[in-house]
Amino acid sequence: LKTVEEIKAAIEAAVPGAGVEIVPNPSVSGQHSLRLAPSHACAVATFLRDDADLALDFLSNATGVDWPDKEVAEKVKVARTVTKTVDGAEQQVEETVEETRKHIVPGCLEAVYHLFSIARGHGPVVIRMKTVNRSDQVQLPSLTPIWRSAEFQEREIFDLFGIVFTGHPDLRRLLMWDEFKDHPMRRDYVEPDDFEYEPTAHDDVLKRAEAHRAKLSAAVTGQEGAGA
Amino acid sequence: MSTLVEEKDKLPGWNRPPVIAPDGDGELLEVAMGPHHPSTHGVFRMDVALDGERVIRLKPVFGYLHRNHEKLGEGMSYLGSMPFTDRLDYMCPLTNNWAYALAVEKLTGQEVPERAEYLRVILGELTRVVNHASAIGFLIQEMGASGTPLMYAFKQREKILDLFEALTGARMMVNYMRFGGCRVDATPAWLADVRKVLDGLPQFADEFENLLRGNEILMARTQGVGILRPDLAVNAGVTGPMLRASGVNYDIRKVDGYGIYNRFKFRVPLGDHWDVYDRFMIRLLEMRESFGIIDQALKGIPAGPIMDPKAKLRGFRPKPGEAYGRIEGPKGELGFYLISDGGPNPYRYRIRPPSLINLTVLEDMCLGSNVADVVLIFGSVDIVLGEVDR
């Protein structure tokens, strides 16, 4: 099997402007991956499947990863002018100060695909794609038209992570029921207070249920009071 | 349900199931097979549209057994997930253990001692025998041969489960493998017991095969039914005996040679009619190859430690990175994809379930066949709902 660098070069030769980026993997597994630009992903994927040397005809695993917004603290050196008393006289002195700055790295959703070649017996080649953010721009191109094995797996990613695959022929929830609203595999998913569906509430759930009932009855008496 | 029939193919060119035009007056009957249909061995539903007896459309519906295993895995330590892998495909817990251990070993670079590798092979192949025998038993059961073939399979399964119990303490929920080895060592007496059971297995396979192979009803019901073209099988990510019954020579034991599989001599049986009968025969033949592998492993097993001395069970924190490890499970390629952020829990814990992905082609195989054959085709895929829904 070619190295990721060679595959990247081959892709760039075949698909101009593909915008492939190598994502190094520091673990001992050495499975480095290629990040594709969503705009060219279908062309690149078709190339990977049909190229005679690579012949990655088998998409084994497709999955999502959630990367929430992360606050990163960075130490930066800043030059500034400080007023100091030197030898009894006030002076303006240039000084380098170390400052901790915090900024937020915006999060994204990622789809990861593991490709193997049945024809040539090599693999895995890992490709991944990133959404713009986690809220409104979560579209990625579907690879189902190229590898049918992504059909159910992309439905699962859509279901559990909320990535919308454009071009998927049948994008519905796979594991959760159709009326379900949230995406449970996201890191910030909060389980709903669905205690009323639990036949025998106990512990935490019972406490939440009681609090909820108290709130409801308070609201009801409040309304009655307002009406009278 | 009404969308089931009206839904036309939205994309040209993708490898989609063919559209079958109903004949006659075009009135279709929509049936929900499941979630309590006896052929599904669990909770699984197929929404089927029928024109008389012919299947026009089939949509599988999942999720009845969904418990978000992957989310649970992110909330506990690496080792904490090991007992939970038993519950994925509960017919073959030991191969699930093995796949997970292999993925973590890829992530951390732990070495597995010789003796542990041999034990893994012996247990993995015994699991394959259990799975294939039961799968055939269930398939014939669904065809209407109530009880007898399944009980033949279960008789052997009991013997092998007794071996598992003697070694691990549990028949099914074994929790046996560890990152860098196995949990407990096998005694010489246990290995002798394996030999005793193994000696009886070829006779069982002969008996089982003679009972079924030439049976007229079985041949009439399964030959030429549920054909899966090899190009579609590859494109749809079908793996395991299903793929090899479609004539594609791809066995991860040969391709990856994970563990110590490249030391053993075994053949990879392939089908050339691509139908349900081939899937049944492939499982019989693979079982026989497994006997050979167990035999070689019993002869070659060395003495020595069963755990990597550097392996850490408590305070286990792999370096940041990711790894995908896979094995040839009895049902197909079972893979685990792990991302570590340097913490004690995996950042991402993903299972590649062969049962779910093999079902991608269920509709393609069933279209145009009789509704009674759907049960057989579904049985020949060999799934366990614990793994499909996770």
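Helices here are DSSP runs of type H or I with at least four residues, numbered from the N terminus, and the views below are drawn from a predicted model.

**View 1. V255(B) in helix α11 of chain B.** The residue V255(B) belongs to helix α11, which covers residues 252–255 of chain B. Between the C-alpha atoms of V255(B) and E328(B) the separation is 9.8 Å, although the two residues stand 73 residues apart along the chain.

**View 2. The interface of chain B and chain A.** On the side of chain B, 51 residues are in contact with chain A, where 51 residues take part in turn. The two chains bury about 4100 Å² between them, and 56% of this area is on carbon and sulfur atoms. Between chain B and chain A, 26 residue pairs are in polar contact, with both residues of each pair at pLDDT 80 or more. The side of chain B that touches chain A receives its greatest contribution from strand β6 (residues 321–329) of chain B, which gives five residues. Sorted by class, that side of chain B has 23 nonpolar, 17 charged and 11 polar residues.

**View 3. The salt bridge of R390(B) with E156(A).** In this close-up R390(B) of chain B is paired with E156(A) of chain A in a salt bridge, and their closest N and O atoms are 2.7 Å apart. Across the interface of chain B and chain A, five salt bridges are found by the rule.

**View 4. Chain A, the partner of chain B in these contacts.** Four helices and nine strands make up the secondary structure of chain A, and along the sequence they follow the pattern α-β-β-α-β-β-β-β-β-β-α-β-α. The radius of gyration of chain A is 27 Å, whereas a compact globule of 228 residues would have one near 17 Å. Taken along the principal axes, the C-alpha atoms of chain A fill a box of roughly 80 × 80 × 35 Å. Of the 228 residues in chain A, 43% count as buried. Where contacts in chain A link residues at least 6 apart in sequence, 55% of those contacts join residues at least 24 apart.

Definitions and conventions. Residues are numbered from 1 along each chain as its sequence is written. Chains are lettered from A and ligands numbered from 1 in the order in which they are written. This is a predicted model: local features need pLDDT of at least 70, side-chain atom pairs count only at pLDDT 80 or more; totals for chains, interfaces and linings use all residues. Side-chain values use heavy atoms; hydrogens and water are left out. Helices (H or I, at least four residues) and strands (E, at least two) are DSSP runs, numbered from the N terminus. Contact means heavy atoms within 4.5 Å. Buried area is the accessible area (1.4 Å probe) that two parts lose on being put together, summed over both. A salt bridge is a side-chain nitrogen of Lys or Arg within 4 Å of a carboxyl oxygen of Asp or Glu. A polar contact is a pair of N or O atoms within 3.5 Å; within protein, one must be able to donate a hydrogen and the other to accept it, and residues adjacent in sequence count only if both atoms are side-chain atoms. Ala, Val, Leu, Ile, Met, Phe, Trp, Tyr, Cys and Pro count as nonpolar, Asp, Glu, Lys and Arg as charged, and the others, Gly among them, as polar. The radius of gyration is taken over C-alpha atoms; the globule rule is 2.2 Å times the number of residues to the power 0.38. Buried means under 20% relative accessible area, exposed over 50%, partly exposed in between (1.4 Å probe, protein chains only).
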